[in-house]
Amino acid sequence: MGEQFTNFDGVENENKQETQRTILFRKSGRFLIILPFLIPLFFIGKTFGWWQKEFVARGYIIGIESNGKIYELGNGGVFAFSKRFVSDKKVFLKAGSGTVCFISALAEQHYQLNPEKPSNPFFQGSVTFINYDKSKIFCREERKYVDASSYYTVNSAFDRNGQLLLAYSIDEKAPKSLRKPPFIKTIINQGMSRRSGGSVSDVKDPYIDVSAIFEQFFHRELNYSVDEEKKIIRLIL
């Protein structure tokens, strides 16, 4: 009588494949169960800026550190900074009219530190900007008309030789090339919402990369430190 052989290897492989399919099916089922919870979590995280590398310094006071003392910067604009886990630390300033000229004055230290104690007891003085006209960078604000009744504003920065360094616009009617040029980054103001008509959206604004302008145009570094306890962010020039 002839011998009969059973293909145990084939049966074993088939059982393994079936087991793997069962495990995969169970994992997929679990993912589908939690998916409805992940979607709103994603949008909540987006609103609060969890997925971006920067945070808007709302709830902090900005100061300039000099010789161990901190001077209140006052109304210098809305700043944003890299989060703790980011290795390449950067400082940003909300784009607006004259923002680049303000950055230039900051880089060239066209300011004086007033030792008189301000009303805020956490600072040893205040900052007053002077001699804007001696800056290496000149700013110009210009209207560009789309038609007879509407226009957008272009903010341009030039060096003393008249060479264009940076041009940007924060108006929606402006071309995309002006709204998103180099040195400009859109940052979400965490936890804030903006109502337009009947819809509500995240507060997203263009910010200028101050650290990059310091490095490229002034060959200087800009550092900072965050004091969570006192709610102070120190700029170290």
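Phe55, Tyr60, Phe79, Phe81 and Tyr224 are joined into a cluster by ring pairs. Here rings of Phe, Tyr and Trp (its six-membered ring) pair if their centres lie within 6.5 Å, with planes under 30 degrees apart called stacked, over 60 edge-to-face and the rest tilted. Keep in mind that this is a predicted model: local features need pLDDT of at least 70, side-chain atom pairs count only at pLDDT 80 or more, and totals for chains, interfaces and linings use all residues. Residues are numbered from 1 along each chain as its sequence is written, and side-chain values use heavy atoms, leaving out hydrogens and water.

The structure has nine aromatic pairs. One of them, Phe79 with Phe81, is stacked, at 6.0 Å centre to centre and 15° between the planes. Both of these residues, Phe79 and Phe81, are buried (under 20% relative accessible area, with exposed over 50% and partly exposed in between, using a 1.4 Å probe and protein chains only).

Now look at Phe102 and Phe129: their ring centres sit 4.9 Å apart with the planes at 55°, so this pair is tilted. It ties together distant parts of the chain, with Phe102 in helix H2 (residues 99-107) and Phe129 in strand S7 (residues 125-129), 27 residues apart. Helices (H or I, at least four residues) and strands (E, at least two) are DSSP runs numbered from the N terminus.

Back to Phe79. Setting aside neighbours within four places in sequence, Phe79 is in contact (heavy atoms within 4.5 Å) with residues including Val56, Leu73, Phe92, Phe102 and Leu235.
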